[in-house]
Structures are given as structure tokens and as C-alpha cells.
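Please examine the sequence and the model before reading on.

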Amino acid sequence: MKDFKVGIIGATGMVGQRFVSLLENHPWFHPVVLAASSRSAGKTYEEAVGPRWAMNTPMPEQMKKMVVMDATADMEKIAGMVDFVFCAVNMDKAQTRALEEAYAKLECPVISNNSAHRATPDVPMIIPEINDDHAALIDIQRRRLGTKRGFIAVKSNCSLQSYVPALHPLMEEFGVTKVLACTYQAISGAGKTFATWPEMDDNVIPFISGEEEKSEQEPLKIWGTVGSEGVIPATAPSITTQCLRVNVSDGHTAAVFASFEKKPTLEQIKEKWAAFEGAPQKLGLPSAPKQFLHYFEENDRPQPKLDRMLENGMAVSVGRLREDTQYDVKFICLSHNTLRGAAGGAVLMAELLAAKGYLD
Ligand SMILES: NC(=O)c1ccc[n+]([C@@H]2O[C@H](COP(=O)([O-])OP(=O)(O)OC[C@H]3O[C@@H](n4cnc5c(N)ncnc54)[C@H](OP(=O)(O)O)[C@@H]3O)[C@@H](O)[C@H]2O)c1
């Protein structure tokens, strides 16, 4: 694979810091631009992040002295310096949408963690193991934007990153009809740590703005089919969710209930999970977990503290599968929200798109 020069827009934030850490030794992707708001622009990365560095590993030496650029004012310059950008910014939706589209129109592909374009029908929202075929939407989008190289591809919300992968291998044979998911979401999902959000110590907050709508609607786009104008969303399963913020640093847990057209046995479900692999495993992409879905037989697993870093935070852990009295089955699942659920998932998506030739 060729080497790609990449930019990280929002490099000083929680997800941006994950990108910086993940790309330190990436075999294909080499960060040459770190960009953020005008508040950080002109400072070294080390100065701009300051005490906000929230990773368990030290800030990479080669990034410390890089001077942060202004994602908006320096846009043309940045687009000329890189092959594509990762984008994770905390701006309002309209501003984010405009920023991403401006980069795409400058022929700079945007791999985004933001929600602004997730509902745009010709913007693919890809979980690489599940819907790699949605990359074909890029051709439709390029026609709309009038670009040759430029496009936007997005990651889904981090909340659904555990239960959509666990349900996916069951869809074709058993037909998932109805899902109820309650998510228990880590504070890093709000870009926070216990130092910056002390109210979360010894607490649960039963509301995350917009999260339940995203958790219910985005899976239907992911399971949709590619039409001539954009994605045609799936009509099933029907999904209802409740999303809670809990006092965990990293790792979103979900308690899931599901019903099927043709009810599988618990053993059949476990077999499907164990056998499941997608394009990243088949293509041997650098960030792909070897085993995407790990099932734990122990009753007290998965736990964020013990299991979120499974396969470098890129695997999904599942446990406590059993029959239910109101739905057919219930189980618990977990994924790392800033790795698989954000930066790691975006890096894997970029690897997939590079392997398919969309970043050439
Ligand atoms: N945290 C997660 O687990 C997670 C998961 C999935 C998706 N996301 C999404 O990823 C995005 C970033 O989340 P986060 O948690 O990393 O947020 P964050 O920690 O608050 O970081 C926000 C970043 O956006 C930059 N920014 C703010 N205003 C800007 C502007 N006008 N122009 C350019 N850059 C600007 C900030 O730069 P300054 O430092 O200069 O202010 C910072 O780099 C959000 O859309 C979020 O919904 C987050």
C-alpha cells in the first residue's frame, strides 16, 4: 500500500488525541497536519493540548512540536498538503457540514466522526465489517459535489457500535424483527474526563442529547441498500433505546433484547458470532481485530475496565446471552467508544477505502 499524508482536524480534542496516538506508527497513514480552532492555531500541539491530554500513553514525540493550523482559515493550504483528513470537531451541525463539504470540494476526502452528514443519503456511514459495499455511494456523492477525489464518509454514533455488530450476523438467517437497547455510556464519549466533569463521580445522568434518535435511526442506514441516488434505509428491525451517561472513563456497554422471525437457539447465535468476519479480516487491514466479536461465558463479563481494550480496543465483547420472557433473547455487549466507536473505527474505515482505491 502507498503512503498517505493525512491531516487531523480537531486534533486537540478527545477523539483527535486518539487519532494522534493511533497514527503514531501507522504503516500507511502519516499525519502531516494537525488542525483545530483559532484558539489553538499557531501554538505547538503540546501547548495547544496542555493539560487536556487524556490518553494513557504519552503524547507522541514527533507531534509535540508540530504547529497547529486553523481548520477554517488554513483550509486551502491544508487541503493541498494532505491526501485526506480525519475530522472530529465540536462545532454546530451547520458549521460542521459546511466545513466538511468545503474540504471535499477542495478534492480532499474527509473521514468524519461528526454526526453532521450521517443522514445525507449519498454519504456512506460505514462499519467496515458490516457494510463495506456502501463505499459505492462515494461515486454518487462525487457526481453531486462535482469532485474527482473529494468526498465525505462518516462513522456511525459510538452508542450503537456494540449492538449493531452483535445483531448483524443474525440478520440474514434469523431475521431480527425487534430490538430494545439500553446503553451505559462512558464520559469520554462527551469529550470529558473525571477531572473535567467531576459531577460524574458517583453519578448517572439519564439523558444524552440526540443519542436515542441516533441509536435508533443510524442502524437502518447501515443496514440499508445502495440505490441510484443514495442509500435506501432498511425498514427492519424496529429499534427502541434509552441512553444513559455512567461514571466510566471509556467503554460503552449495552443491554440488548432482540426478537426474530425465526428464533435461533442460543448455541446457533454463539456459532454465528464466533464465525463472523467482514472485509477488514478478509483483507487483513492493519487495524482490523482478528476476531471481531468475542463471546464471554463468564456471567460477570464483559466489563469496561477489563474488556474495552480487547484487540487494541477494536473488538466488540458480548456476554450473558440468555432467553427472555418478553423478547426472544437478551445479552450484554461492550465496545470502546473512542477506539472502535470513534477514531479507531475511522482509521479502519480509511484503511478499507484505501484498499478499495477511493483514496488514490
Ligand atoms: N468522544 C467520543 O467518544 C466520540 C465518539 C464518536 C464521535 N464523536 C464526535 O467527534 C467529534 C469531536 O468529539 P470530541 O469528543 O473529540 O470533542 P472535544 O474533545 O470537545 O474536541 C473538539 C475539537 O474540535 C475543535 N474545534 C472546536 N471548534 C472548532 C472550530 N470552530 N474549528 C475547528 N476546530 C474546532 C477543538 O479545537 P480547540 O481545542 O482549538 O477548541 C477540538 O480539537 C464530535 O462531533 C463528537 O460528536 C465523539
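The shell around the ligand takes at least three residues from each of two domains, domain 1 (4–157 + 342–355) and domain 2 (159–336); the domain bounds come from an automatic or database domain assignment. This is a predicted model, in which local features need pLDDT of at least 70, side-chain atom pairs count only at pLDDT 80 or more, and totals for chains, interfaces and linings use all residues. Residues are numbered from 1 along each chain as its sequence is written.

In total, 28 residues surround the ligand, and the closest are Gly13, Ala36, Ser37, Ser40 and Gly191. A residue is near a molecule if its C-beta atom, placed from the backbone, lies within 6 Å of it. Helix H1 (14–22) and helix H13 (339–355) each supply at least two residues of this shell, and H1 gives the most, with 3 residues.

The classes of the shell residues are as follows.

| Class | Residues in the shell |
|---|---|
| Nonpolar (Ala, Val, Leu, Ile, Met, Phe, Trp, Tyr, Cys and Pro) | 10 residues |
| Polar (the others, Gly among them) | 17 residues |

The protein has 13 helices and 15 strands. Helices (H or I, at least four residues) and strands (E, at least two) are DSSP runs, numbered from the N terminus. Buried residues make up 50% of the 360 residues; a residue is buried if 20 or more other C-beta atoms, placed from the backbone, lie within 10 Å of its own. The C-alpha atoms fill a box of roughly 60 × 50 × 35 Å, taken along the principal axes.

Technical notes:
A residue is buried if 20 or more other C-beta atoms lie within 10 Å of its own, exposed if 12 or fewer, and partly exposed in between; C-beta atoms are placed from the backbone.
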